[in-house]
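Please read the numbered points alongside the sequence and the model.

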Amino acid sequence: MDNAVLIGLLIRQRRLKNNWSQEGLSKGICSVSYLSKIEQGKADASGEVMKLLLERLGLKWYDDENTVRRAKELSSKLYDAIFSMLPKSHTRKLLDELTDKWEVYSCCPYFIELSLERANLEDSFEPDLPQGSHEYFNKRQKELYYAFLDQLDELPRFSDTALGFAGAGYKNYTVGNYSQALDDLLHAARLSQDEGRVHLTLFIRLTIAGCYANMGDLDQMDFHHAVARRIAQALDDEDSIYTIDYNTAATHLERGDAQRAYDYFSKVRHIKSKLNLHKLAICCERLGKKEEALEALETAQSCEYEPVAISNETLDWMLAIIEYRLKHPDHLSDPNYGKMLLSGFENLKKNAPSGFIRFHIPYVTGWYTANRQYKQAYELLRDFPDIGISGLL
């Protein structure tokens, strides 16, 4: 964005915030018509006029060589961190420098980029962008803006970035459009490797594995998990290694291999995670270990909120529905169970990623089938033809 345009937008923004008229701001400095052109970026004001306008507004424009050089370097590093999906711990020093000198960086030629980068990395910060600045955004500013809006899937329209295609792929993955998701994600993986974005590549490989898991292609799931594991080990990323093991075991559980899943979840029961304990309880339920299942559910009640793709209330429902089944052997003929199951499932369909929905479909079809609601069961399974219900009824 041209400096004259940016300064003009800043002057207009601060003038309106102060509830000043153009006449009031320009008095004794320049004509109203000249100020109007400055605010529209149509006039490149003289240094003296610009200085006087900014001083009257309580602003100072920092465009000295040292400030501009460091602002450019800082913006470049922050952009790279965002589009590489680096952990926030990797950007702490950069973000500290940005916030400590915000008075300077918020009034320099890289103000737009730095505002958007700070907003992407600092949850409590809202970018105070001048009204009308969006129409002047360059490619990088657009990328940062859509990243801030959490609309990464919009990036491929104008930017061939790995993060953009990863965002598009992840969005398709969460709604169950796995074929399109794989097209986007595999392209993202190639771009990410070319760009040298290791952390982003790890995220992409994990999501690709998730797609294949939900499609029932366990060989491809294992292949991409193996690639992701090597990257995670190189990065010493224990959280990603845990995710790989969890997703692998959960997939085997969904596919009917409760014993193999139990072998994993029973070993990590010490990790106080509602999702871990939910899966352990399911394994125990299917293997006839009722007391161990109830023990897992009781432990889960004391777990704190965990940041996952569904709400804590939904997690609590997932645990409660298992407990109801364990304590009511005749649940398939119990209207209260049906009401609890179907209402919770409707909430899942509206608010949860497709993987959580798929996991609960066999229980819903089991209820429909046991109560001779064959049409409802057929309509549900029609959209998920690869899901079986053996062993759940």
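1. Overall dimensions. The chain has a radius of gyration of 27 Å, whereas a compact globule of 393 residues would have one near 21 Å. This radius is taken over C-alpha atoms, and the globule rule is 2.2 Å times the number of residues to the power 0.38. Along the principal axes, the C-alpha trace spans about 85 × 45 × 40 Å.

2. Basis of the model. The model is predicted, so local features need pLDDT of at least 70 and side-chain atom pairs count only at pLDDT 80 or more, while totals for chains, interfaces and linings use all residues. Residues are numbered from 1 along each chain as its sequence is written, and side-chain values use heavy atoms, with hydrogens and water left out.

3. Secondary structure. The chain contains 21 helices and 0 strands. Both are DSSP runs numbered from the N terminus: helices are H or I with at least four residues, strands are E with at least two.

4. Of the 393 residues in the chain, 50% are buried (buried means under 20% relative accessible area, exposed over 50%, and partly exposed in between, with a 1.4 Å probe and protein chains only). Among contacts with a separation of 6 or more, 58% join residues 24 or more positions apart; a contact means heavy atoms within 4.5 Å.

5. Surface and charge. The accessible surface of the chain is about 19,600 Å², and carbon and sulfur atoms account for 48% of this area (Shrake-Rupley method, 1.4 Å probe). There are 48 positive and 58 negative side chains, with the centres of the two sets 2 Å apart. Lys and Arg count as positive and Asp and Glu as negative, without His and the chain ends; each charge is placed at NZ of Lys, CZ of Arg, CG of Asp or CD of Glu.

6. Two loop residues with positive phi. Aspartate 236, in the loop between α13 (218-235) and α14 (238-254), has a positive phi of about 55° although it is not a glycine. Arginine 372, in the loop between α20 (354-370) and α21 (374-382), likewise has a positive phi of about 55° without being a glycine. Most residues other than glycine have a negative phi. Aspartate 236 is exposed at 61% relative accessibility, and arginine 372 is exposed at 68%.

7. Valine 175. Where does valine 175 lie? Valine 175 is found in the loop between α10 (162-174) and α11 (178-195), and is exposed, with a relative accessible area of 54%. Its C-alpha atom is separated by 26 Å from that of cysteine 283, 108 residues apart along the chain.
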